[in-house]
Amino acid sequence: MHPNAKLLEQFYSAFQRLDAETMAACYAADVEFSDPVFPSLQGSEAGDMWRMLTSKAQNFSIVFDGISADDQRGQAHWVATYTFSQTGRTVVNDIQANFAFRDGKIVNHHDHFDLWTWSRQALGLKGLLLGWTPVVRNAIQAQAAKGLAIFRSKK
């Protein structure tokens, strides 16, 4: 197995244990992270996002597969199941991840998932009816950014 594939195995195994410190240690100091909820995190923001999410995790589990990597690029597929804390609703989020590596660390991590599917599960009727709109997407992103800023301010 390629060393970068082992790095991804380490990352997701740590995620299964809610071990955000090990996850963050897989990232380069200048990592760039993005997904539909957190569209642009830089450096320590990415590790802090995982610290925040793992500290709030309720009824959480993940499974992962499809890990492949070479010297520069990698990918993985993972599915997270959890209770969304703001609504108490169960979410099953199916995610395709792409990575770039440098010197044995992740320098770019981009998670792809359908935000409308996520919002229907997390928000219920509001997500079903409006989750596809830019207004709701922007509200979700703003709420997530605010939550991360509050979490980081308490460190």
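Five salt bridges are present in the structure, which is a predicted model. In one of them, Glu 21 pairs with Arg 51, with 2.7 Å between the closest N and O atoms. Because Glu 21 belongs to helix H2 (residues 20–25) and Arg 51 to helix H3 (residues 44–56), this contact ties together parts that are 30 residues apart in sequence. Glu 21 is partly exposed, at 48% relative accessibility.

Arg 51 also meets the side chain of Asp 48 in a salt bridge, at 2.9 Å from N to O. These two residues are three positions apart in helix H3, so about one helical turn separates them. Asp 48 is buried, its relative accessible area being 1%. Through shared partners, salt bridges join Glu 21, Asp 48, Arg 51 and Arg 152 into one network.

A further salt bridge links Arg 102 to Asp 30, the closest N and O atoms again lying 2.7 Å apart. Since Arg 102 is located in strand S5 and Asp 30 in strand S1 (residues 27–34), the pair ties together parts that are 72 residues apart in sequence. Arg 102 is partly exposed at 38% relative accessibility, and Asp 30 is partly exposed at 42%.

Strand S5 (residues 89–102) pairs with strand S4 (residues 73–84) in the antiparallel sense over 12 bridges; within this pairing, Val 79 has Asp 94 as its bridge partner. The S4–S5 hairpin has four residues between the strands, and Gly 88 adopts a positive phi near 75 degrees. Strand S5 also pairs with strand S6 (residues 105–112), in the antiparallel sense over seven bridges, and His 112 in S6 is the bridge partner of Gln 96. In the S5–S6 hairpin, two residues lie between the strands, and Asp 103 in the turn has a positive phi of about 50 degrees.

Notes
Residues are numbered from 1 along each chain as its sequence is written. This is a predicted model: local features need pLDDT of at least 70, side-chain atom pairs count only at pLDDT 80 or more; totals for chains, interfaces and linings use all residues. Side-chain values use heavy atoms; hydrogens and water are left out. Two strands pair if DSSP finds at least two bridges between them. A salt bridge is a side-chain nitrogen of Lys or Arg within 4 Å of a carboxyl oxygen of Asp or Glu. Buried means under 20% relative accessible area, exposed over 50%, partly exposed in between (1.4 Å probe, protein chains only).
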